[in-house]
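Open the model in your viewer and show the side chains. This tour moves from ring to ring, then to a charge.

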Amino acid sequence: MKILKNIFKYVLLFQLGGCAYYYIEVLLRGWSHWSMYLLAGLCYVFCSVQNKIPWWDQKLYKQLLRCTAFVVAGEFITGCMVNLWLGWGIWDYSSRHFQLLGQICLPMALFFGFLCLIGLWLDKKIRYYAFGERW
């Protein structure tokens, strides 16, 4: 039963992370892409899992750095695949300062860091209210 509860929990977290980012992007940019839904879901599950690993130092700034690094790396890898390799042209940061191959840039990395901060807080609330977990 515990395995099913964990599967349900992480499927729910994946869905919440994917939907939340998808709609944030629609609100801010006017549209999004299904690949961003998948990436955001994966990133939110990562943030949730690392938020619970007991042997890692649980200081918020370290959690935030790990999550932000994971998200930015995921954005870069996904961008290289969908934009450079497949040529879908979903986003292009090449006109922004402090960018790498047009797939990531410092302003977006800071924005993702802010979203990770909200995500870490929200994860604790979801775990507490939906699954009865303490932090």
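Which residues form one aromatic cluster with Y21? Select F111 and F112: together with Y21 they make up the cluster. Keep in mind that this is a predicted model.

Now widen the view to the aromatic pairs. The structure holds nine of them. Pick F8 and F131, which pair edge-to-face. An angle over 60 degrees counts as edge-to-face. Next, colour by helix. F8 lies in helix α1 (residues 2-29), F131 in helix α4 (residues 106-131). The two residues are 123 apart, so this pair links distant parts of the chain.

Stay on F131. Is F131 buried or exposed? F131 is buried, with a relative accessible area of 10%; the cut-off for buried is under 20%. The charged end of K9 sits over the ring of F131, 5.8 Å from the ring centre.

Move to R29 and W31. Here the charged end of R29 sits over the W31 ring, 4.0 Å from its centre.

Last stop: E25, in helix α1. E25 is buried, yet has no salt bridge. Which side chain of opposite charge is nearest to E25? Select R29 again: the distance is 4.2 Å, and a salt bridge needs nitrogen and carboxyl oxygen within 4 Å. Finish with the contacts of E25. Leaving aside neighbours within four places in sequence, E25 is in contact with G30, W31, S32, H33 and M36. W31 is the residue whose ring lies under the charged end of R29.

Terms used: Residues numbered from 1 in each chain as written. Predicted model: local features only at pLDDT ≥ 70, side-chain atom pairs only at ≥ 80, totals over all residues. Heavy atoms only, no water. Phe/Tyr/Trp six-rings, centres within 6.5 Å; stacked < 30°, edge-to-face > 60°. Helix = DSSP H or I, 4+ residues; strand = E, 2+ residues; numbered from the N terminus. Buried < 20%, exposed > 50% of the residue type's maximum accessible area, 1.4 Å probe, protein only. Lys NZ or Arg CZ within 6 Å of the ring centre and 35° of its normal. Lys, Arg positive; Asp, Glu negative; His and termini not counted. Contact = heavy atoms within 4.5 Å.
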